[in-house]
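The exercises below are meant to be worked through with the sequence and the model side by side. Try each task before reading the solution that follows it.

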Amino acid sequence: MTTGTLLFFLVAAGVAVIIFRLLRSGRLREKYAGLWILVGTSIVALVIWPQMLESITGWLGVQVPSNLLFFLAIFLLLGVSLHLSLEISKLEDETRILAEEVAILRLEAEDRGGTGGSSQELNGA
Amino acid sequence: MRTNGRTLIIMPAWNESAVIGGTIQELRASWPEMDLLVVDDGSADGTADIARDAGAMVLRLPYNLGVGGAMRAGYKFALRHGYGRAIQVDADGQHDPVGIGLVLDGLEHSDISIGARFAEVGTYEVRGPRRWAMKVLAMVLSRIARTRLTDVTSGFRAANSRAIEQYSRYYPAEYLGDTLDSLIMAARSGLTVQQVAVRMRPRQGGTPSNNPARSAIYLFRSMFALLIALTRRRTVREG
């Protein structure tokens, strides 16, 4: 095992350990962790068996192994950022609903408690 | 004597403390039988307190959601409290109280009634790319709604109970979503739309921008919003 390989192995193993610890402490939800554990372990696997990348490159008919690696990495990052955008949009929708609910409840609560004395009373449903 | 025919005036407001008090007083004097709901869209200048002191109910959003967000909250309130009609009025006083009666009358023949600025009443001048954008938008929406519409970005609009139900579910907070997208989706869900000519007063604060660059940006963004809204899947109406 060369020094370079050892370095990459340590980096990959470090990433895997960090992901695992984040998951255990509950700061990373499982639905995201699965993907990252998969990424971490495949990096470790590629460091240990670099021949694997070469054989996959051969099957797919790609000329240079590193090109395949870059292609996969970019594709993965693209997917992850798209996924994050979707999650943020969903969260914004959800917080918007909560904000509306809070505002309506507050008006109804103030009206019932009589604090501040709104001059129109609520009536109805 | 509150019946199911109760009418709610919904007024979205964001940092309108300078003008909102006068607008509310004028509305309450002109239409004392209607309930007035100000949706305070996260203002930092005491708009909510002024509105409350002026005698309106105030829905305080905890942070700024944009006009679309404020309006959906208002329509949700209208739906839950069983209002039969709701009308949206600007806080800056550019919507004449006389027009409220006219726009509400439009609901006798349709689910949504829009108070239009260009319908040969009053004066309102727009030029350049902004005008082209408005023309295209008006043309496309007229076809979708199967009626003649000239001012589709007008915020002066009334809704009956069917439209309140639709709006409380779908009123996007995105750019132009509050006017264009909500209207397109309502029309595509089978609600009928009608336009009423009203007089608009000049705004009490600020002027509509006629800067060419801004107008061009408006043109592109509005076309984009239109395209997205047209390709969206229609909302399903129950009942």
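**Exercise 1. Determine how many of the residues of strand S5 (residues 112-116) of chain B are buried, and which way they point.**

Solution. Begin with the terms: helices (H or I, at least four residues) and strands (E, at least two) are DSSP runs, numbered from the N terminus, and a residue is buried if 20 or more other C-beta atoms lie within 10 Å of its own, exposed if 12 or fewer, and partly exposed in between, with C-beta atoms placed from the backbone. By this count five of the five residues of S5(B) are buried, and the strand is mostly covered. Next, sort the residues by direction: B:Ile112, B:Ile114 and B:Ala116 point one way, while B:Ser113 and B:Gly115 point the other way, and all are buried.

A note on the source: this is a predicted model, in which local features need pLDDT of at least 70 and side-chain atom pairs count only at pLDDT 80 or more, whereas totals for chains, interfaces and linings use all residues. Residues are numbered from 1 along each chain as its sequence is written, and chains are lettered from A and ligands numbered from 1 in the order in which they are written.

**Exercise 2. Find which strands pair with S5(B), and in which sense.**

Solution. Two strands pair if DSSP finds at least two bridges between them. On this basis S5(B) is joined to strand S6 (residues 157-160) of chain B by three bridges, and these two strands run antiparallel; here B:Ile114 stands opposite B:Arg157. S5(B) also pairs with S7(B), this time in the parallel sense and over five bridges, with B:Val196 in S7(B) as the bridge partner of B:Gly115.

**Exercise 3. Place the strands of chain B in their sheet, and explain why S3 and S7 stand at the edges.**

Solution. The seven strands form an open sheet with mixed pairing, in the order S3-S2-S1-S4-S6-S5-S7. Strand S3 (57-60) and strand S7 (193-197) of chain B each have a single partner strand, so one side of each is left without a neighbour in the sheet. From one strand to the next the twist averages 20°, where axes are lines fitted to C-alpha atoms, for helices over the stretch in contact, and angles run from 0 to 180 degrees between N-to-C directions.

The partner of S3(B) is strand S2 (residues 35-40) of chain B, which runs parallel to S3(B) and is joined to it by four bridges. Two of the facing pairs can be located in the model: B:Leu37 has B:Met57 as its bridge partner, and B:Asp40 stands opposite B:Arg60.

**Exercise 4. Which residues of helix H1 (residues 20-30) of chain B are buried, and against which elements do they pack?**

Solution. The buried residues of H1(B) are B:Ile20, B:Thr23, B:Ile24 and B:Leu27. Seen down the helix axis, they fall within an arc of 95° (the arc of the directions from the helix axis to the C-beta atoms), so they line one face of H1(B). In general, an α-helix has 3.6 residues a turn, so residues three or four places apart point the same way. The buried residues of H1(B) pack against strand S1 (7-13), S2, helix H2 (47-53) and helix H4 (97-105) of chain B.

**Exercise 5. Are B:Asn15 and B:Arg146 buried, partly exposed or exposed?**

Solution. B:Asn15 lies in the loop between S1 and H1 of chain B and counts as partly exposed, because 16 C-beta neighbours lie inside 10 Å. B:Arg146, in the loop between helix H5 (128-145) and S6 of chain B, has 10 such neighbours and therefore counts as exposed. Phi of B:Asn15 is near 50°, a positive value in a residue other than glycine, and phi of B:Arg146 is likewise near 50°.

**Exercise 6. Describe the helices, strands and buried share of chain A, and then those of chain B.**

Solution. Chain A has four helices and zero strands, and buried residues make up 6% of its 125 residues. Chain B has eight helices and seven strands, and 49% of its 239 residues count as buried.

Methods
Two residues are in contact if their C-beta atoms, placed from the backbone, lie within 7 Å.
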